[in-house]
Amino acid sequence: MKTTRESAREASHKNLVQVLTDLLEKNYDAEKGYRKALEHTTNPDLKKFLKDQAVQRNHFATEIDKYIHQLNEHPKEKSSGTTLGSLHRFWIDFKSSVTRKNDESILEECIRGEKASLKEYEEKLKKNILNPTVKEMLEEHRDKIQKTLKQIKILEDLVD
């Protein structure tokens, strides 16, 4: 029979793994979204920016995946991401086929995606008690997402 302390530790472990798994999937979705957006622009500067963001999100996912493994857990494979992420990528494809595939609409979708990611990170940081290592890693990711969001807004103003 487990003690109260053991049960609490197990629940805390499961919660941490779930928090990290959720963010891992979110980063898989973001990486795929940026790679999908790359297909819809011919602007070389925008292509470079989108590729850099895909690489950054891959880096975030790798960090989270590594930490999950350190917890002796095995995260989901880098499959199709979440259903919501798949729907967002479908929406990008649909919107691009209906509109003129212009860079502004691509950036608008990037803003939507980044705002959703930022909200997810902020909620996870606010609603969970995290160890200092995880908290620092997630805060760093969040801060980089905020910076990316600002960069996208600047790019959007430039392509107007």
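Predicted model: local features only at pLDDT ≥ 70, side-chain atom pairs only at ≥ 80, totals over all residues.
Student: Where does N72 lie? And is N72 buried or exposed?
Tutor: N72 lies in the loop between α2 and α3, the latter being residues 83-98. N72 has 66% relative accessibility, so it counts as exposed.

Student: Let's step back. How many helices and strands are there in the chain?
Tutor: The protein chain has 5 helices and 0 strands. Read from the N terminus, the order is α-α-α-α-α.

Student: How much of the chain is buried?
Tutor: Of the 160 residues, 40% are buried.

Student: And what share of the contacts comes from residues 24 or more positions apart?
Tutor: Take the contacts with a separation of 6 or more; residues 24 or more positions apart account for 79% of them.

Student: Back to α2. How many residues does it have, and how far does it reach?
Tutor: α2 spans residues 44-70, which is 27 residues. From first C-alpha to last it reaches 39 Å, close to the 39 Å expected at 1.5 Å a residue.

Student: What caps its N-terminal end?
Tutor: N43 does. A side-chain oxygen of N43 lies 2.8 Å from the backbone nitrogen of D45.

Student: Which residues of α2 are buried?
Tutor: L46, F49, L50, Q53, A54, R57, F60, A61, I64, Y67 and I68. The cover over them includes α1 (4-38), α4 (103-127) and α5 (132-159).

Student: Take α4, then. What angle does it make with α2?
Tutor: The two axes cross at roughly 20 degrees and come within 12 Å. α2 and α4 are therefore roughly parallel to each other. Their crossing is left-handed.

Student: Which residues make that contact?
Tutor: From α2, L46, L50, R57, F60 and I64. From α4, D103, I106, L107, C110, E114, S117 and Y121.

Student: New topic. I'm looking at N27. Which helix is it in, and is it buried or exposed?
Tutor: N27 is in α1. Its relative accessibility is 0%, so N27 counts as buried.

Student: Which side chain does N27 make a polar contact with?
Tutor: That of Y121, at 2.8 Å.

Student: What else does N27 touch?
Tutor: Leaving out residues up to four places away in sequence, N27 touches R57, F60, A61, I64 and Y121. Among these, R57, F60 and I64 of α2 and Y121 of α4 also take part in the contact between α2 and α4.

Student: And N15? Where is it, and how accessible is it?
Tutor: N15 is also in α1, as N27 is. N15 has 35% relative accessibility, so it counts as partly exposed. Its side chain makes a polar contact of 3.0 Å with the side chain of N128.

Student: On to α5. How many residues, and what reach?
Tutor: α5 has 28 residues. It reaches 40 Å from first C-alpha to last, close to the 40 Å expected at 1.5 Å a residue.

Student: What caps the N-terminal end of α5?
Tutor: N131 does, with a side-chain oxygen 3.0 Å from the backbone nitrogen of T133.

Student: Which of its residues are buried?
Tutor: V134, M137, L138, H141, I145, T148, L149, I152 and E156. These buried residues pack against α1, α2 and α4.

Student: How do α4 and α5 run relative to each other: parallel or antiparallel?
Tutor: Their axes are 9 Å apart, at an angle of about 160 degrees. α4 and α5 are therefore roughly antiparallel. α4 passes α5 in a left-handed crossing.

Student: What about α1 and α5?
Tutor: Those axes come within 13 Å and cross at roughly 25 degrees. That makes α1 roughly parallel to α5. This crossing is left-handed. L16, L20, L23 and Y34 of α1 meet V134, M137, L138, T148 and I152 of α5.

Note on methods:
Residues numbered from 1 in each chain as written. Heavy atoms only, no water. Helix = DSSP H or I, 4+ residues; strand = E, 2+ residues; numbered from the N terminus. Expected span 1.5 Å × (residues − 1). Buried < 20%, exposed > 50% of the residue type's maximum accessible area, 1.4 Å probe, protein only. Contact = heavy atoms within 4.5 Å. Polar contact = N/O pair within 3.5 Å; in protein donor to acceptor, adjacent residues only side chain to side chain. Axes fitted to C-alpha atoms, helices over the stretch in contact; angles between N-to-C directions. Parallel < 35°, antiparallel > 145°, perpendicular 65-115°, else oblique. Left-handed = near helix turned anticlockwise from the far one by under 90°.
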